[in-house]
Amino acid sequence: MSGQDLTDRLGHLDDVDLYRQLAAASQATREDLLRTPVSLARGLDDGFRMRPHLRVIGEAFVGVARGDYDRLLIVTPPQVGKSTSVAEWGPFWWLCTYPQDKVAVASYSDDLALRRGKVIRDLVDEHGHEYGLHVKDGSGAAKDWDLATGGGVRSVGVGAGLTGFSVNLLVVDDPHKDRADAESSRMRQAVHDWYSSTALKRLQPDRNAVVIILTRWHPDDLAGRRLAEEGRLEEGGRWKVVHLPAIADPKFGIDPLGRQPGDPLPHPKIRTRDRAALLAWWHDMKRTSIVRDWHALGQGDPQPSEGALVSAELLRQLRDRGEGVEPQKIAVAVDPSGGGRDTAGVVGGFLGDDNRVWITHDWSGVMSSAEWSTAACRLAHETNAAIIYVETNYGGDMCELAINTSWETLQRDGEIPPKKLKPMVQTVRAKQGKLLRAEPIAQQMIQDRVRLRGVFPDLEHEWSHWMPTDPMSPGRIDASVYLVYGLLPEAGGAAVVHAPLAQRPNPAGPGAAISYTRSFGSGGR
């Protein structure tokens, strides 16, 4: 309808009809904004930047309000808008929907919780009249105020009391201040005790929702304890979990945003379609964080530091530029994807004239057989490797064929000179569990027989956090194990067998942990 047509039509309406139509349109707009907390924020705050992950968080918040579940856990990296969306706009939206409800907002400090409470009150003062919300006369306390409709908000630090305050919605925003706080067993237990003995005991039978939003710090932080004790919704437990790592990883299951492995998480201050800028942002966070902080804060995957193969501190000590060390034998090792795991380990390194193995490259990632074999060939070409070790537990002869095919393809495409000889391919077969294979290499690290020529956050994380009880089988560990076994055979003793030819009998007998066979292609040497 044109502007003139609309003017003509309105001209035939009396004032009462016009008012009714405008009021109906205004009501429809208000109701439309109330679809989720983030749609409300987008409609009322010009500075609020909608992003796909915030939309998912908003929809999950609606689910807990609707009663689809009564416990919601949201895990993201820091500074992506979760607290603004859930701890500020979330309670305001809840009061617009349930104006008689009581909302408690808690955080690691009274000051932070009070700031959240003030923002919620400011939203009521500025926009509440559109939804029938007004602060009750005489309710002036900044941390504890009521609505004329019966609802209200109390803001407290974790550990503070909620005496005399009934709670329909409890929002816990970052219950742990920092790593030191989260790693203190005393401080962690204080948070758990407060949650159990104080916070939960104020919930009401008509509506009793709990929403926890946090950046992870420790396996036994509030999120970890709740999941350990009450479980995830999809596994028959109680908690709806929205886990949004900085970089999508299949180890966390189906991504809430439908991202493919390696895709970045959106950020409120970066355009969603600017993938390069998003990756650069998260990779910079990864580069400037210690390994355990990246995996805990960035990926929401904290791991215990006790009981692992080696310590993170040892791995830091093993980092060395290796200046003056001459390579004696250069190799690439591959642990292919397969056997229920999507991540392939592709690691490069050399045996130096100091009789140490130097790990120089980690090109591991989520890859198909064509992709990991191509990566291995490219790395072998780049480093001038003489040999490629490849595990054949799940792929058999197909692993060797994949490497041969990728080498020929790269030569045909001009990435590798046509006359360059293909490295020897030495197949590896693991016959015992990862722990028995990896422990001798961990011992070589302790004895300073293995060095890292650079910083490898993901590889170091796997070595310093993998536990024998973990269901995942990290490819980077196995690839680096095969690299060291191949370049430093004495590392495995009788557990490793090097057979010059495939048909030669295994001198170590049937008890060998890993057996090697060599195959020579047209470019073998």
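The points below take up a sheet, some helices and a few single residues.

1. The model is predicted, and the remarks that follow should be read as remarks on a prediction.

2. Seven strands build an open sheet: 7 strands in the order β3-β4-β2-β5-β6-β1-β7, and the pairing is mixed. The edges are held by β3 (144-146) and β7 (239-243); each has a single partner strand, so one side of each lacks a neighbour in the sheet. On average, and with direction ignored, neighbouring strands of this sheet are turned by 15° against each other.

3. As background, strands of a sheet pair through backbone hydrogen bonds, in either a parallel or an antiparallel manner.

4. Two helices that lie across the sheet deserve a look. Helix α4 (residues 52-66) lies across β1, β5 (169-173), β6 (209-214) and β7, and runs at about 165° to β1. Helix α6 (residues 110-127) lies across β2 (102-107), β3, β4 (152-157) and β5, with an angle of about 160° to β4.

5. Helix α4 also packs with helix α5 (residues 82-97): their axes come within 11 Å and cross at roughly 35°. This crossing is right-handed. From α4, the contact draws on Leu54, Ile57, Phe61, Val62, Val64 and Ala65, while α5 contributes Lys82, Ser85, Val86, Gly90, Pro91, Trp93 and Trp94. By type, the residues of this contact comprise 10 nonpolar, 2 polar and 1 charged.

6. Helix α17 (residues 475-487) has 13 residues. From its first C-alpha to its last it reaches 18 Å, close to the 18 Å expected at 1.5 Å a residue. Of its 13 residues, 13 are buried, so α17 is largely enclosed by the rest of the structure.

7. Leu483 is one of the residues in α17. Its relative accessibility is 0%, and Leu483 therefore counts as buried. With residues up to four places away in sequence not counted, Leu483 touches Ala331, Val332, Ala333, Val347, Gly348, Gly349, Val357, Ile359 and Tyr389. A separation of 9.7 Å lies between the C-alpha atoms of Leu483 and Val346, which are 137 residues apart along the chain.

8. Most residues other than glycine have a negative phi. Asn384, which is not a glycine, has a positive phi of about 60°. This residue, Asn384, lies in the loop between α13 (369-383) and β12 (387-391). Its relative accessible area is 45%, so Asn384 is partly exposed.

9. The other residue is Asp448, again not a glycine, with a positive phi near 65°. Asp448 is found in the loop that connects α15 (434-446) and β14 (450-452). With a relative accessible area of 25%, Asp448 is partly exposed.

Note on methods:
Residues are numbered from 1 along each chain as its sequence is written. This is a predicted model: local features need pLDDT of at least 70, side-chain atom pairs count only at pLDDT 80 or more; totals for chains, interfaces and linings use all residues. Side-chain values use heavy atoms; hydrogens and water are left out. Two strands pair if DSSP finds at least two bridges between them. Helices (H or I, at least four residues) and strands (E, at least two) are DSSP runs, numbered from the N terminus. Axes are lines fitted to C-alpha atoms, for helices over the stretch in contact, and angles run from 0 to 180 degrees between N-to-C directions. Contact means heavy atoms within 4.5 Å. The expected span of a helix is 1.5 Å times one less than its number of residues. Buried means under 20% relative accessible area, exposed over 50%, partly exposed in between (1.4 Å probe, protein chains only). A crossing is left-handed if the near helix is turned anticlockwise from the far one by less than a right angle, and right-handed if clockwise. Ala, Val, Leu, Ile, Met, Phe, Trp, Tyr, Cys and Pro count as nonpolar, Asp, Glu, Lys and Arg as charged, and the others, Gly among them, as polar.
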